Amino acid sequence: MAGSAQRIVTLGQANQGQSEPEHAKVEIDAIRKVFQTSRGEVVALHDTSLTIANNEFICVVGPSGCGKTTLLNILAGLDAPTSGEVRIDGTSIHGPSSERGVVFQQYALFPWLTVRQNVEFGLKLKSIGKGERRSIAEKYIESVGLKDFANAFPKELSGGMKQRVAIARAYAVNPQLLLLDEPFGALDAQTRTQLQVELLNTWEQEQKTCFFITHDVEEAVLLASRVVVMSARPGRIKAIVPIDLKHPRTQETRMSKPFNDLKNDIWSLVYQEYLDAKK
Amino acid sequence: MDNKPATRVGQMIDRIDGKVFLVVSFLLGLLVWQLVSMTKAGAVFAGPVDTFDAFIQEAKSGRLLEHIYASLFRVLGGFALALVIAIPVAFLMGWYRVCRMLVEPWIQFLRTIPPIAYIPLVIVAQGVGESAKITVIFVASFLVMVVSIYQGVRNVDVTLIKASRVLGAKDRDIFFHVIIPASFPFILVALRLGLSAALTTLIAAELTGAQVGLGQMIQEASLYFRMEIVILGIVMIGIIGFLLDKLLLFLERRLAGWQEVRSV
Ligand SMILES: Nc1ncnc2c1ncn2[C@@H]1O[C@H](COP(=O)(O)OP(=O)(O)OP(=O)(O)O)[C@@H](O)[C@H]1O
Ligand SMILES: [Mg+2]
């Protein structure tokens with residue numbers, strides 16, 4: 001456990017420098033979110049701050065109900081914080097924008113549009129001409145391996161294929177920041193592994209800042225530059241763990257000792273929170 | 001798939017085309033009808049042969065067509081008018097809270113009143129002419145359709161709205177590119193409900209007084225105890241309703257085939 005204590009940078013240390021990214025892309029500054037419900041106030045997020053560097057891949061883990069989705073919605077601009085603010089490149093955000101793409105757990109494809117039309121949806125809104133739209137969509141549909149399904153409707157696709165379309169759709173509008181809320185949570189283990197590798201490849205090629213929520217610690221360690229562990233409700237950041245495993249990460253990475261050490265360390269942090277949440 | 005019996009007979013039945021069953025079912029129905037007309041009930045319940053004779057007679061004289069035309073004109077007129085107004089009202093209610101708060105209680109209240117209850121009021125106000133009938137049919141099908149379309153608008157998956165927002169959609173885009181297509185299946189269901197309400201109300205309106213129309217034909221024939229014509233009228237109404245419903249189902253398959261769960 002002594003080793004793990006060294007690797008894990010807790011929040012107190014995180015704010016003091018060394019792990020503070022140099023080119024801040026996203027600054028989450030003292031966010032607090034309170035929901036008014038019929039049963040009174042629910043504090044979903046409590047004083048949450050985090051700075052994300054350009055091209056970083058952040059994975060967020062934490063017990064159910066700790067405010068992960070709430071944080072993602074605020075980053076997307078779909079929800080406003082009760083206090084605090086989010087800045088992207090130094091400018092605070094108000095409302096959603098195509099600069100911040102989202103991949104939802106439930107796919108959220110438009111069922112009345114074909115795969116191609118789904119991927120073109122955002123491009124159409126940007127008034128990009130037909131020819132260019134077509135070629136951009138083709139590129140991303142191909143990159144997720146669905147070339148033969150371009151004219152299929154979502155109901156004709158499996159869960160994994162649907163999520164590939166959702167990822168292609170998010171990438172097509174070329175956002176600076178990609179927010180993913182348990183995108184692979186509903187998929188079987190095999191499809192999940194496949195999509196993880198594909199997502200990593202795309203991330204290495206496209207260099208986008210990613211904010212990825214998951215329940216799966218192994219997934220977090222495989223994908224992340226840093227793993228953020230959140231505490232049970234009211235949610236706040238409990239620990240930030242840098243993952244300095246080299247890229248490209250493969251199946252072999254999963255077998256390696258450093259990978260498994262990190263996984264175990266993070267798992268015990270999460271488990272502790274899970275126990276606290278139950279109380 | 002339904003549970004298939006593993007027996008030989010079961011397998012043979014499974015292989016028979018659905019259309020064959022349709023014919024068998026139709027013939028069985030005719031047989032039951034014939035049998036009923038041969039019992040004591042036959043005094044009131046004219047049999048298929050008499051009814052068919054009546055059909056030939058009325059069709060030849062051109063009266064039947066006149067009745068059908070008058071009834072269809074009223075149904076489709078009232079129904080079309082109702083649809084044209086129900087769509088924007090339902091979307092306004094779904095989209096604007098103020099509109100919803102002001103309009104919904106009234107619609108929910110009026111909807112519970114059977115249209116037959118206000119037929120006398122309309123007839124006193126507008127006389128027994130065409131406009132009175134169209135008004136009654138309009139009100140009845142409008143109320144049914146507005147509620148159903150409005151429910152569709154309210155039920156649009158919020159995740160789809162969020163997904164469109166993060167792709168850069170503004171309110172206008174969301175309305176035209178998400179809300180309308182997403183509620184389209186509900187509009188089709190509303191059409192079917194509205195049409196059935198329109199037919200029901202039509203007959204009620206025509207029974208209370210009309211020069212011409214299937215309801216009037218039934219009413220008049222019953223006065224002279226021409227039961228074969230009464231039954232002919234009933235069957236014609238059934239056929240019209242059935243065909244219109246099939247037409248809408250066909251439209252649904254063509255235009256909303258993307259649906260995950262079919263409402264059929
Ligand atoms: N719209 C809302 N109204 C009221 N309470 C809400 C709302 N959205 C979230 N909450 C509450 O805020 C807390 C955090 O919810 P959130 O969805 O962010 O959790 P989560 O970490 O994403 O959980 P999970 O891992 O199960 O998805 C929960 O207690 C939830 O009940
Ligand atoms: Mg969540």
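Q: Let's begin with A:Glu273. Where does it sit in the fold?

A: This is a predicted model, and in it A:Glu273 belongs to helix H10 of chain A, which runs over residues 257-278.

Q: Is A:Glu273 buried or exposed, and how do I tell?

A: Look at the relative accessible area and compare it with the cut-off: under 20% counts as buried. A:Glu273 comes out at 7%, so it is buried.

Q: Which residues touch A:Glu273, if I skip its neighbours within four places in sequence?

A: You'll find A:Pro63, A:Met230, A:Ser231, A:Ala232 and A:Lys238 in contact with A:Glu273.

Q: Now a residue of chain B. Where is B:Ile180 found, and what does it touch?

A: B:Ile180 is part of helix H9 of chain B. Once neighbours within four places in sequence are set aside, its contacts are B:Phe91 and B:Phe175.

Q: And how accessible is B:Ile180?

A: Its relative accessible area is 27%, so B:Ile180 counts as partly exposed.

Q: On to nonpolar residues. What is the idea behind looking for a core?

A: In soluble globular proteins, nonpolar side chains tend to end up buried together. Here, the largest nonpolar core holds 148 residues. The ones with the most contacts inside this core are A:Phe110, A:Phe211, A:Val227, A:Ile243, A:Ile266 and B:Val178.

Q: Which element gives the largest share of that core?

A: That would be H9(B), with 14 residues.

Q: Going back to A:Ile266, what is in contact with it beyond its neighbours within four places in sequence?

A: The set is A:Val61, A:Val217, A:Val221, A:Val227, A:Val229, A:Val241 and A:Ile243.

Q: How should I read salt bridges, and how many does the structure hold?

A: Side chains of opposite charge can pair when their charged atoms come close. Over all chains, the structure holds 22 salt bridges.

Q: Which parts of chain A does the pair A:Arg87 and A:Glu27 link?

A: A:Arg87 lies in strand E5 (residues 83-88) and A:Glu27 in strand E2 (residues 24-37), and the pair links distant parts of the chain, 60 residues apart. The N to O distance of this salt bridge is 3.5 Å. A:Arg87 is buried at 17% relative accessible area, while A:Glu27 is partly exposed at 23%. These residues also take part in a network of salt bridges, where A:Glu27, A:Asp29, A:Glu85 and A:Arg87 are linked.

Q: What about A:Glu56 and A:Arg226: how far apart are their closest N and O atoms?

A: They are 2.4 Å apart, in a salt bridge. A:Glu56 is in the loop between strands E3 (40-53) and E4 (57-61) of chain A, and A:Arg226 is in strand E10 (residues 226-230), so the pair ties together parts 170 residues apart in sequence. Both residues are buried.

Q: Which elements of chain B are tied together by B:Asp245 and B:Arg192?

A: B:Asp245 is in helix H11 (residues 227-255) and B:Arg192 in helix H9, so their pairing joins parts 53 residues apart in sequence. The side chains meet at 3.0 Å, N to O. B:Asp245 is partly exposed at 25% relative accessibility, and B:Arg192 is partly exposed at 22%.

Q: Last topic: how do I judge the size of the interface between the chains?

A: The size of an interface is often given as the accessible area lost when the parts come together. Between chain B and chain A, about 1900 Å² is buried, and carbon and sulfur atoms give 75% of that. B:Val166, B:Leu167 and B:Trp258 supply 41% of the area that chain B buries against chain A, more than any other three residues. As for residue counts, chain B puts 19 residues into the contact and chain A 23 residues.

Q: How many salt bridges and polar contacts cross the interface?

A: The rule finds zero salt bridges between chain B and chain A, and zero residue pairs in polar contact with both at pLDDT 80 or more.

Q: Which elements of chain B give two or more residues to the side that touches chain A?

A: Helix H8 (158-166) and helix H9 (171-207) of chain B do. The largest share comes from H8(B), with seven residues. By type, that side of chain B divides into nine nonpolar, six polar and four charged residues.

Technical notes
Residues numbered from 1 in each chain as written. Chains lettered and ligands numbered in written order. Predicted model: local features only at pLDDT ≥ 70, side-chain atom pairs only at ≥ 80, totals over all residues. Heavy atoms only, no water. Contact = heavy atoms within 4.5 Å. Buried area = accessible area lost by both parts, 1.4 Å probe. Salt bridge = Lys/Arg side-chain N within 4 Å of Asp/Glu carboxyl O. Polar contact = N/O pair within 3.5 Å; in protein donor to acceptor, adjacent residues only side chain to side chain. Helix = DSSP H or I, 4+ residues; strand = E, 2+ residues; numbered from the N terminus. Nonpolar A, V, L, I, M, F, W, Y, C, P; charged D, E, K, R; others polar. Core = buried A, V, L, I, M, F, W, Y, C linked by side-chain atoms within 4.5 Å. Buried < 20%, exposed > 50% of the residue type's maximum accessible area, 1.4 Å probe, protein only.
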